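Subject: Structure handover and findings

Hi,

Here is the structure for your files. My notes on what turned up follow below it.

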Amino acid sequence: MDEKEPPSAAHESVVVAKRWLSNRVFELALVKPAGCDFLPGQKVKVYIAGMAREYTIVSGPGEEYLALCIRHLAEGKVSSRLAALQLRDIVAFSTAYGFFLHRPGRSVFVATGTGVAPYVAFARAGIRDFTLLHGVAAVSELYYRHLFLTTAGVYIGCLAPVDEAASVEGDIFAGRVTDYLRQELVPGQYTFYLCGNGEMVGDAMKIIDNRFEGSRVFTESFFDDDDR
Amino acid sequence: MKIYTGTGDKGRTSLFSGERLKKNADRVSAYGTIDERCSFIGAVIAALPQLDDRQGVVSTLEEIQISLFKVGALLATSPKSADVEMLQPFAGEEATAWLERRIDAMDQELEELHSFILPGGHPAAAWAQVSRAVCRRAEREILTCLEAEGDYHSEAVLGYVNRLSDYFFVLGRYLNIMTGTAEQSWHG
């Protein structure tokens, strides 16, 4: 959604790091301003050139900086500007908001692409022993793999199309996250978190309703044709 | 941006606290009626005539809509869940007292009733009476949740919803008086 002016509650802060996680996804770190509190799983709206976009915070609440996970689209009006930011540039953003927060229970985190971002914040906040299914099209898109290898109880990279999967060591599943839910995850009651493209969220929900009766489900959807 | 994922296409929906329920479950009916209720208030606002205190009426109605969002969120949360801590608090008794002050202010302008009146009159008054009736249905559905689950959320909002229907009854009459629209009495 475009917004001409930042709301009065917006923060301004300085870029202190930009780290590319793949050739089109990067983590942008800003100095965390005083009073900028957030809960793991929340997001902020970033304001730039009269436009606004939501991005999930990937830093932990105890860290001194606020990091965002951003997918750079070649035609993206906002992501292109953010990708071009230099150290010490200023960025305006809203207070943190959202209810995609971790709850007690047997957690199964499901993501496609950069939908893994809230789970990064969960892991950096000290949440452990979760199951994470991360659906991507290439191994290079398994962002934050090293973090999850040391924090998840079960970490499965789901590769679709599947031809690359056989050549990768570790917990790689050849197929979509929804295939894993349908074929591999032991039936039972879980607390599911679905974050990613709307098609995955819709398909996963149908499987959960059929196969994991009595589970709780929290969702955060985005769509690949967003004009980012 | 698309707003649909198809997660409800098979007749189920998620509570704020994550539980999956059938869309005809009592709890879903209750917060669905609150949503309907909130939408009818939009119709009242859209149909409001020019009045000396029009902006005051609009402000009150919008404040009620905001309260109903809080009520809806409470009803959409399982009473067994700690997720209620994440919600904006709803002070039911305070909100009810606030409504009573507005009812009393309008009531001073009205003649005493000696018979039932037929809902209708000015379009805004007619929408106010529809709102009142929907409010009564919400009340019945909330009571069902309260009885089925011992739900303290429902208990907190029940008095407020009851007073809301009183507010809309009086508002309907007030709008007819203020627009010079005659009330039709029922002579059964």
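Val46(A) stands opposite Phe93(A), a residue of strand 6 of chain A. The model is predicted: local features need pLDDT of at least 70, side-chain atom pairs count only at pLDDT 80 or more, and totals for chains, interfaces and linings use all residues. Residues are numbered from 1 along each chain as its sequence is written, chains are lettered from A and ligands numbered from 1 in the order written, and side-chain values use heavy atoms, without hydrogens and water.

**Antiparallel sheet, chain A**

Strand 3 (residues 43-48) and strand 6 (residues 90-93) of chain A pair in the antiparallel sense, over 2 bridges. Pairing requires at least two DSSP bridges between two strands. Strands (E, at least two residues) and helices (H or I, at least four) are DSSP runs, numbered from the N terminus. Both strands belong to an open sheet of 6 strands in chain A, with the order 4-3-6-1-2-5 and antiparallel pairing. Its edges are strand 4 (51-56) and strand 5 (65-71) of chain A, and each pairs on one side only. On average, neighbouring strands here are turned by 40 degrees against each other, direction ignored. Axes are lines fitted to C-alpha atoms, for helices over the stretch in contact; angles run from 0 to 180 degrees between N-to-C directions.

**Parallel sheet, chain A**

Another open sheet of 6 strands in chain A has the order 10-9-8-7-11-12, with parallel pairing. Strand 10 (172-174) and strand 12 of chain A are the edge strands; each pairs on one side only. Strand 7 (residues 107-112) and strand 11 (residues 191-197) of chain A pair in the parallel sense over 5 bridges. There, Ser107(A) has Thr191(A) in strand 11 as its bridge partner.

Two helices lie across strands of this sheet. Helix 2 (residues 117-124) of chain A lies across strand 7, strand 8 and strand 11, at about 135 degrees to strand 11. Helix 5 of chain A lies across strand 7, strand 11 and strand 12, at about 155 degrees to strand 11.

**Salt bridges**

The count over all chains is 16 salt bridges (a side-chain nitrogen of Lys or Arg within 4 Å of a carboxyl oxygen of Asp or Glu). One joins Arg24(A) and Glu141(A), at 3.6 Å from N to O. Arg24(A) lies in the loop between strand 1 (11-20) and strand 2 (25-31) of chain A, and Glu141(A) in the loop between strand 8 (131-136) and helix 3 (145-151), so the pair ties together parts 117 residues apart in sequence.

**Chain A against chain B**

Contact (heavy atoms within 4.5 Å) involves 18 residues from chain A and 16 residues from chain B. The buried area is about 1500 Å², with 59% from carbon and sulfur atoms. That is the accessible area (1.4 Å probe) that two parts lose on being put together, summed over both. The interface has 4 salt bridges. Among them, Asp83(B) pairs with Arg103(A), the closest N and O atoms being 2.9 Å apart. On the side of chain A that touches chain B, helix 5 (198-211) and strand 12 (216-222) of chain A each give two or more residues. The largest share, 6 residues, comes from helix 5 of chain A.

Best regards
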